[in-house]
Amino acid sequence: MANKRVLVSILALGIAVTLAGAGTWAAFQDTETSTGNTFSSGTLDMKLSNDGSTYTDGVTATWTSPANFKPGDTFGNELRFTNVGSVNINHLYMYPEDLTNSGGTGGIKLSDKIIITKVTGHITRDGSNLVWGNRADFIGSVVGNRDGTLTLTEFCSAKFVAYCLSPIIFGIFPPILKAGDHKDWGLIIEGKFADDADNHYQGSSCTFNMRCRGSQNSPTEGFEEITGNGAD
Ligand SMILES: [Ca+2]
Ligand SMILES: [Ca+2]
């Protein structure tokens, strides 16, 4: 107890001396201040393109049938992606969803006869040009009936198709969509009207949406990854 009181007295004395000496003991001094300590966030802004030249927030009719679509006819297109923001996109998620069918006879669904033959990613950046392996069969083995074909109906039952870049794939470094508008990634989907579609499928139609999400990181939600990360 006695020691504590002594310590307090010494501290009080020290403060008093400092106050008293502020004017008397002035010497060379300098004072500088750090001002403007602010925080601001970057942007993450993905845009899509059907033709690889005009990019917008969302596109329509990326994959459509040729006129007078008939069994055996094929279709295909590459949906291109770019990131015009300042924050890199490391993961891409494509959600095939909102499938609707109409027309035809006998209660058929045209989407049962739309066969997805190719699903793959395509990166082009810094002079590199790399196409992922075709994941249509693999997706079919996960979400389909394993009969060797991936129908649009089955494809749209997939939760999503995910892509990212593992560190250093054949000289291409992550991220998958680099900030700064590099127009560096595409999703290629090709398909055909099944050869065995009968007359019930005449005059029928179907439509689906492909919702695409670019993420700075992997979402925390649980997911079933139905494509591999790497190229092959
Ligand atoms: Ca956007
Ligand atoms: Ca199937």
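**View 1. Asn 90 in the loop between two strands.** In this predicted model, Asn 90 is partly exposed, with 17 other C-beta atoms within 10 Å; a residue counts as buried if 20 or more other C-beta atoms lie within 10 Å of its own, as exposed if 12 or fewer do, and as partly exposed in between, with C-beta atoms placed from the backbone. The residue sits in the loop between strand S2 (74-83) and strand S3 (91-103), where helices (H or I, at least four residues) and strands (E, at least two) are DSSP runs numbered from the N terminus. Apart from residues up to four places away in sequence, Asn 90 touches Cys 164, Pro 174, Pro 175, Ile 176, Ser 215, Gln 216 and Asn 217, a contact being two C-beta atoms, placed from the backbone, that lie within 7 Å. Tyr 163 is 73 residues away from Asn 90 in sequence, yet the two are 8.6 Å apart in space, C-alpha to C-alpha.

Residues are numbered from 1 along each chain as its sequence is written, and chains are lettered from A and ligands numbered from 1 in the order in which they are written. Since the model is predicted, local features need pLDDT of at least 70 and side-chain atom pairs count only at pLDDT 80 or more, while totals for chains, interfaces and linings use all residues.

**View 2. The open sheet S7-S3-S9.** Three strands form an open sheet in the order S7-S3-S9, with antiparallel pairing; two strands pair if DSSP finds at least two bridges between them. S7 and strand S9 (204-215) are the edge strands, each pairing on one side only. S3 is joined to S7 by four bridges, and Tyr 93 has Ala 162 in S7 as its bridge partner. Between S3 and S9 there are eleven bridges, again antiparallel, and among the residues involved Asn 101 is partnered by Cys 206 in S9. Both faces of S7 are covered, with Val 161 and Tyr 163 buried on one side and Ala 162 and Cys 164 buried on the other.

**View 3. Helix H2 and what covers it.** In helix H2 (residues 136-143), the residues Ala 136, Ile 139, Gly 140 and Val 143 are buried. Seen down the axis of H2, these buried residues fall within an arc of 100°, so they line one face of the helix; the arc is that of the directions from the helix axis to the C-beta atoms. Their cover includes S4, strand S6 (150-151), helix H3 (152-155) and strand S7 (161-164).

**View 4. The largest nonpolar core.** A nonpolar core is a set of buried Ala, Val, Leu, Ile, Met, Phe, Trp, Tyr and Cys residues joined through C-beta atoms within 7 Å. The largest one has 36 residues, of which Leu 92, Ile 116, Ile 139, Phe 155, Ile 176 and Leu 177 touch the most other members. Strand S4 (residues 114-125) supplies the largest share of this core, five residues. Leaving aside neighbours within four places in sequence, Ile 116 is in contact with Ala 136, Leu 150, Leu 152, Phe 155, Ile 189 and Gly 191.

**View 5. The pairings of strand S2.** Strand S1 (residues 46-49) runs antiparallel to S2 and is joined to it by four bridges, with Met 46 partnered by Asn 83 in S2. S2 also pairs with strand S8 (residues 185-193) in the antiparallel sense, over eight bridges, and here Leu 79 stands opposite Leu 187 in S8.
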